[in-house]
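This report goes through selected features of one structure, with the cut-offs behind each term. The sequence and the coordinates come first.

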Amino acid sequence: MKATAGALLAVVAAVLLRGVAAAPPRKPVDVPFDKNYVPTWAQDHIHYVNGGREVQLSLDKTTGTGFQTRGSYLFGHFSMHIKLVGGDSAGTVTAFYLSSQNSEHDEIDFEFLGNRTGQPYILQTNVFSGGKGDREQRIYLWFDPTKDYHSYSVLWNLYMIAFFVDDTPIRVFKNSKDLGVRYPFDQPMKLYSSLWNADDWATRGGREKTDWSKAPFVASYRGFHVDGCEASAEAKFCATQGARWWDQPEFQDLDAAQYRRLAWVRKEHTIYNYCTDHDRYAAMAPECRRDRDV
């Protein structure tokens with residue numbers, strides 16, 4: 001029987017009222033590119049390595065490129081191993097995100113903003129719900145993401161959206177519908193990744209432009225892990241909602257050790273947080289305290 005919105009929200013409330021031990025997401029399973037993904041545009045700028053177990057996206061002055069999942073998903077765990085553009089990457093953006101396909105769209109973003117040689121990459125995250133975004137957070141990574149592959153993943157269920165870099169949580173966006181905050185729960189999303197030129201805003205607000213003499217710019221991918229409930233664009237609820245591993249109580253919040261790690265990211269590596277931008281927002285967004293962003 002298909003669940004109703006009221007019943008699903010009742011489940012959320014019941015879980016929030018009882019204490020449970022949290023657990024990290026399940027370990028991703030690496031698969032070839034074409035198991036879950038297809039090119040979106042500029043297919044000739046995608047290079048396949050090792051039988052498609054690795055792909056390289058290439059950006060030059062003519063075009064960038066990108067790919068997307070074959071299906072759409074309503075909740076799940078999604079992970080990608082990425083090695084970012086090395087050297088002088090100013091003006092470039094490497095993106096890995098989920099997005100629905102309508103005017104009041106939902107979106108969950110990782111965006112890696114390139115920089116001049118020797119300067120650190122900036123990782124920007126954002127969450128759109130019901131067409132509303134403006135929830136940017138930016139961090140400096142604590143390693144060089146151009147030297148080796150690192151894992152970037154999202155755990156999305158009815159209770160929270162958690163962003164991870166390797167095994168470190170860098171952000172949580174909880175279901176705060178009781179506070180009047182819309183939450184992505186009824187619009188299936190595809191996963192996308194792209195490498196493109198955004199030198200009008202990406203590096204120092206657009207003051208640093210892409211140096212095309214350094215092209216082509218290359219970002220490398222592997223892993224291609226998708227563990228989600230596949231749904232058509234018309235589906236309002238996943239047919240197996242409540243039965244998947246990510247629905248279980250231990251995956252509905254972070255544990256104490258993960259929250260300590262998140263606090264470390266906030267203290268040592270966060271360079272912008274919409275929750276503390278008093279010039280941009282007269283009042284702090286209602287979800288900020290619940291998400292431990294302040």
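## Backbone at aspartate 134 and elsewhere

Aspartate 134 is found in the loop between strand 8 and strand 9, where strands (E, at least two residues) and helices (H or I, at least four) are DSSP runs numbered from the N terminus. Its phi is near 60°, a positive value in a residue other than glycine. With a relative accessible area of 39%, aspartate 134 is partly exposed; buried means under 20%, exposed over 50%, and partly exposed in between (1.4 Å probe, protein chains only). The model is predicted, so that local features need pLDDT of at least 70 and side-chain atom pairs count only at pLDDT 80 or more, while totals for chains, interfaces and linings use all residues. Residues are numbered from 1 along each chain as its sequence is written, and side-chain values use heavy atoms, with hydrogens and water left out.

Phenylalanine 224 also has a positive phi in a residue other than glycine, near 55°. Phenylalanine 224 is placed in strand 14 and counts as buried at 0% relative accessibility. A cis peptide bond joins alanine 215 and proline 216, with omega about 0°. Proline 216 belongs to the loop between strand 13 and strand 14.

## Salt bridges

Side chains of opposite charge can pair when their charged atoms come close. The criterion for a salt bridge is a side-chain nitrogen of Lys or Arg within 4 Å of a carboxyl oxygen of Asp or Glu. A search of the whole structure gives eleven salt bridges. One of them pairs glutamate 287 with arginine 135, the closest N and O atoms being 3.2 Å apart. Glutamate 287 lies in the segment after strand 15 (270–273) and arginine 135 in the loop between strand 8 (122–128) and strand 9 (137–140), so this pair ties together parts that are 152 residues apart in sequence. Glutamate 287 is buried at 2% relative accessibility, and arginine 135 is buried at 3%.

Arginine 280 and glutamate 136 form a salt bridge through their side chains, at 2.9 Å from N to O. Because arginine 280 lies in the segment after strand 15 and glutamate 136 in the loop between strand 8 and strand 9, the pair ties together parts 144 residues apart in sequence. Arginine 280 is partly exposed at 36% relative accessibility, whereas glutamate 136 is buried at 15%. The side chains of aspartate 178 and arginine 290 meet in a salt bridge of 2.7 Å, N to O. That pair links distant parts of the chain, 112 residues apart: aspartate 178 is in the loop between strand 12 and strand 13 (190–197), and arginine 290 is in the segment after strand 15. Aspartate 178 counts as exposed at 58% relative accessibility, and arginine 290 is partly exposed at 28%. A network of salt bridges links Asp88, Arg116, Arg204 and Glu208.

## Sheet and helix packing

Seven strands make up an open sheet, ordered 2-3-14-5-10-11-12, with antiparallel pairing; two strands pair if DSSP finds at least two bridges between them. Strand 2 (46–49) and strand 12 (168–174) are the edge strands, each pairing on one side only. From one strand to the next, the twist averages 25°.

Strand 3 (residues 54–59) and strand 14 (residues 217–231) run antiparallel and are joined by six bridges. In this pairing, glutamine 56 stands opposite serine 220 in strand 14. Helix 3 (residues 256–268) packs on the sheet, touching strand 11 (160–165) and strand 12, and its direction makes about 95° with that of strand 12. Contact means heavy atoms within 4.5 Å. Axes are lines fitted to C-alpha atoms, for helices over the stretch in contact, and angles run from 0 to 180 degrees between N-to-C directions.

## Cavity

How many cavities of 30 Å³ or more does a search of the whole structure find? The search finds one, and the largest cavity has a volume of about 30 Å³. On a 1 Å grid over the protein atoms alone, a cavity is a set of points where a 1.4 Å probe fits but cannot get out, and lining residues have an atom within 4 Å of a point. Grid points are joined across faces, edges and corners, and a volume is the space filled by probe spheres set on the points.

Leu123, Thr125, Gln137, Arg138, Ile139, Ile170 and Arg171 line the largest cavity. Strand 8, strand 9 and strand 12 are the elements that give two or more residues to this lining. Strand 9 gives the most, with three residues.

Methods. On a 1 Å grid over the protein atoms alone, a cavity is a set of points where a 1.4 Å probe fits but cannot get out, and a pocket is an open set with protein on both sides within 12 Å along at least five of seven lines; lining residues have an atom within 4 Å of a point.
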